[in-house]
Amino acid sequence: MKAPRELWTSRVAFILAAAGSAVGLGNIWRFSYVVGENGGAAFLIIYLIVIAIIGYPMMVTEITLGRTTHKNPIGAFKALAPNTPWWIVGGLGVLAGFVILSFYSVVSGWSISYFFKTLGGTLAEGADFEGIFGEHISGAWGPILWHALFMLITLLIIGAGVVKGISRAVRILMPVLFVLLVVLALRSLTLPGAGEGIAFYLRPDFSDLTAQSILGAVGQAFFTLSLGMGAMITYGSYLSDNDDVADNGAWVVGLDTLIAIIAGFAIFPAVFALGFDPASGPGLAFITLPAVFAEMPAGLFFGGLFFLLLSIAALTSAISLLEVVVAWLVDEKNMSRKKAAVLIGVLIFILGIPASLSMGAAEINIGAWPFFDFLDFLQESILLPLGGLLIAVFAGHVWTAQKTRETANTNGGRIKIGVWYDVLIKYIVPIAIAVVMIFGLIDVFSG
Ligand code: PHE
């Protein structure tokens, strides 16, 4: 006999877990370098618009599909559209779980090692922050060992069960991370020379925008909100039928966006004040933030604490990525939770090895991309937008927008999903994603 499916123990447990999934490296590490590479303020505005008109409706949609079916993404589509190929959308999500977690875990490993580096004094004032980062990620063994450690912790938590493991961890960690980020932003904003960074972050110049950067904004929105691959379907599936969707979804989107915005205030003023390049790519946060900490009293202590919390924020996101794959094996293939967690955890660890090595230790390329960048391209430009597009078409046209909206509003809280939702999910969301995807891909392959 299979154990009954778990349910979140309270509404707060869901919000924290879902916000734990959303808030992660995407808000600090990825958000900052994507904004930095795309010229700052203009990109930020596009990003916020995308969050409002695509992110929130998609969040509501995914949570609703999960809450109604109480199933993993593949199972959810099978339940709602039996004997059709729609389950493939869930399958894309499972694939995205593999792809994302393999490089996500590598970056999380960097974060764990930065916890030790900071406390150990390597990143003190006057250090060569750029050099240290470059040396760290191009190491052969170090980053792989940290990646292994991170995957091990992730699979142990998932093996133990979603609800207890996840809920307990995020309840304490999220508030502490938040406070620390605010302190960091205040220090960064008061550095001499911070003004230029504030202007970069807040004063838009729309001539900087390209098709590529708009695709980047959509990709970042999906990534940071954990959308387009069924993570929110899966977490929604552990809600009881009495839990509401729209308010919970608004909390998750709101917290995630708030944390990203604050992270930008922690990073950009310092980038300019301390003379770094905002377009320096995936190293931006790892180079800039230690430099800001070095400028603070007890900076090494706070820096260590920060990287510890970032690693934990990454962990609560990684858990949701692994959970999508594991929930599928448990629900559909009758595998035990522990066995599935170990099996998938090991496979993802293996896929992460070439990703890690491609950062400098070895030349592992796919086309023009180092393997790491290829995986990120795959999820950002194809898997998540395509998954999001198909989920929107399904909810808007197949299951029908009216049905999705009414289901979302059943046992609703304060926010009522109005008919505006129908317009967004049927037309605006899928058309916007399709256009942006096509132009973005043309841009990539012609340039
Ligand atoms: N949202 C997470 C972050 O911002 C990453 C993630 C993507 C998690 C997709 C789950 C699904 O770090």
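In this predicted model, a nitrogen atom of the ligand lies 3.0 Å from an N or O atom in the side chain of Ser 226. Such a pair is a polar contact, defined as two N or O atoms within 3.5 Å.

| Ligand atom | Protein atom | Distance |
|---|---|---|
| nitrogen | Ser 226, side-chain N or O | 3.0 Å |
| nitrogen | Ser 21, polar backbone atom | 3.1 Å |
| oxygen | Tyr 104, polar side-chain atom | 2.5 Å |

The protein covers 100% of the 320 Å² of accessible area that the ligand has on its own; accessible areas come from the Shrake-Rupley method with a 1.4 Å probe.

Residues are numbered from 1 along each chain as its sequence is written, and side-chain values use heavy atoms, with hydrogens and water left out. Local features need pLDDT of at least 70 and side-chain atom pairs count only at pLDDT 80 or more, whereas totals for chains, interfaces and linings use all residues.

**The shell around the ligand**

The ligand is surrounded by 14 residues, and the closest include Ala 22, Gly 26 and Phe 223; a residue counts as near if one of its heavy atoms lies within 4 Å. At least two residues of this shell come from each of helix 1 (11–22), helix 2 (25–37), helix 10 (211–224) and helix 14 (299–333). Helices are DSSP runs (H or I, at least four residues) numbered from the N terminus. The shell holds six nonpolar, eight polar and no charged residues. In this scheme Ala, Val, Leu, Ile, Met, Phe, Trp, Tyr, Cys and Pro are nonpolar, Asp, Glu, Lys and Arg are charged, and the others, Gly among them, are polar.

**The largest cavity**

The ligand takes up the space of the largest cavity, meaning that more than half of its atoms lie within 2 Å of the grid points. On a 1 Å grid over the protein atoms alone, a cavity is a set of points where a 1.4 Å probe fits but cannot get out, a pocket is an open set with protein on both sides within 12 Å along at least five of seven lines, and lining residues have an atom within 4 Å of a point. The volume of the largest cavity is about 120 Å³, where a volume is the space filled by probe spheres set on the points, joined across faces, edges and corners. Its lining has 16 residues, with Ile 100 and Leu 321 among those nearest the centre.

**The largest pocket**

The largest pocket holds about 460 Å³ of space. Tyr 33, Glu 37, Gln 212, Asp 376 and Glu 380 are the closest to its centre among 16 lining residues. Helix 16 supplies the largest share, six residues. The lining comprises seven nonpolar, four polar and five charged residues.

Terms used:
A polar contact is a pair of N or O atoms within 3.5 Å; within protein, one must be able to donate a hydrogen and the other to accept it, and residues adjacent in sequence count only if both atoms are side-chain atoms.
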